[in-house]
Amino acid sequence: MVRALVLLALGGNGPAGPAPCRVLCARSFGTPPPAAGDPPADPARERLRRQEQIAAVARQVATQCHLLRSSLPHPSSPHVPTDPVSFQNAPYGVFQLPPGDPFPERVTVTWIQVVALALALVCDPQENLALAELTLRRLAPRFLASLRLLDPGANALLHPDAADGLLERLLPQGEMLFLNEGFIQGMDREMGIKRSR
């Protein structure tokens, strides 16, 4: 099961040094079981804990993306593309977070980078990583299609209705699905997403 999804704008190198990443969209799925003997969680504290977990994952993903970008011989320019992008060749990675850092149990994080954006899934350790990669590669172009660009850089806004619609269809309640291409094409038509040929 997927515990969380994070869409983030990667911070670039500015005149004052590297800029921090910015979370554009985050969704948590399910509630982790409380530890034995723990009192019931306060909703405000629980919300703050989840925000801290998402921020920690976003920082780790941004670090992984920056390391990968710096290791490439010709790093790409950090801007959101306006033309169709080949998502099959987009950089992809996997890493694990140990128990307590920031989740109570060990989790696996899979991520995909689309120029100045990254999309990550926080999964249970036993989750199918091939399916997680396929899910990311299907979500990434659809999230990118629902962004409203504010300037030529990485500043963008996500339409919340579009994000909710995507997640309801492609990641219902945190469950990754095996979907055929006909279903994907129908969903794209229904949501008004133009597919590149």
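**Cysteines, cores and a helix**

Mentor: Let us start with Cys123, which counts as buried because its relative accessibility is 0%, and buried means under 20%. Please keep in mind that this is a predicted model.

Trainee: And Cys25, is that buried or exposed?
Mentor: Cys25 is buried, because its relative accessible area is 4%, and the limit for buried is under 20%.

Trainee: How many disulfides does the structure hold?
Mentor: The structure holds zero disulfides.

Trainee: Let me step back. What does the secondary structure come to?
Mentor: The chain has four helices and nine strands. Read from the N terminus, the elements run β-β-β-β-α-β-β-β-α-β-β-α-α.

Trainee: What share of the residues counts as buried?
Mentor: The chain has 197 residues, and 39% of them count as buried. Its accessible surface comes to about 11,000 Å², with 55% belonging to carbon and sulfur atoms.

Trainee: Now the inside. Which residues of the largest nonpolar core touch the most other members?
Mentor: That core has 30 residues, and those touching the most other members are Leu5, Leu119, Leu121, Phe143, Leu171 and Met176. At least two core residues come from each of strands S1 (2-9), S4 (22-28), S6 (107-114) and S7 (117-123), and from each of helices H2 (129-145), H3 (160-170) and H4 (181-191).

Trainee: Which element gives the most to this core?
Mentor: H2 gives the most, with seven residues.

Trainee: What does Leu5 touch?
Mentor: Leaving aside residues up to four places away in sequence, Leu5 touches Cys25, Ala26, Arg27, Phe29, Leu119, Ala120, Leu121, Leu139, Phe143, Leu167 and Leu171. Another core, of 19 residues, lies apart from the largest one, and its members include Leu10, Ala58, Val107 and Val109.

Trainee: On to helix H1. Which of its residues are buried?
Mentor: The buried residues of H1 are Gln53, Ile54, Ala56, Val57, Ala58, Val61, Ala62, Cys65 and Arg69. They pack against S1, S4, strand S5 (92-97), S6 and S7.

Trainee: How far apart are the end C-alpha atoms of H1?
Mentor: They are 42 Å apart. Helix H1 covers residues 43-71, and its 29 residues should span 42 Å at 1.5 Å a residue, so the two values agree. The expected span is 1.5 Å times one less than the number of residues.

Trainee: One last topic: what share of the contacts joins residues at least 24 apart?
Mentor: Among contacts between residues at least 6 apart in sequence, 59% join residues at least 24 apart.

Methods:
Residues are numbered from 1 along each chain as its sequence is written. This is a predicted model: local features need pLDDT of at least 70, side-chain atom pairs count only at pLDDT 80 or more; totals for chains, interfaces and linings use all residues. Side-chain values use heavy atoms; hydrogens and water are left out. A nonpolar core is a set of buried Ala, Val, Leu, Ile, Met, Phe, Trp, Tyr and Cys residues joined through side-chain atoms within 4.5 Å. Buried means under 20% relative accessible area, exposed over 50%, partly exposed in between (1.4 Å probe, protein chains only). Contact means heavy atoms within 4.5 Å. A disulfide is a pair of cysteine sulfur atoms within 2.5 Å. Accessible areas come from the Shrake-Rupley method with a 1.4 Å probe; for residues, only the protein chains shown count as cover.
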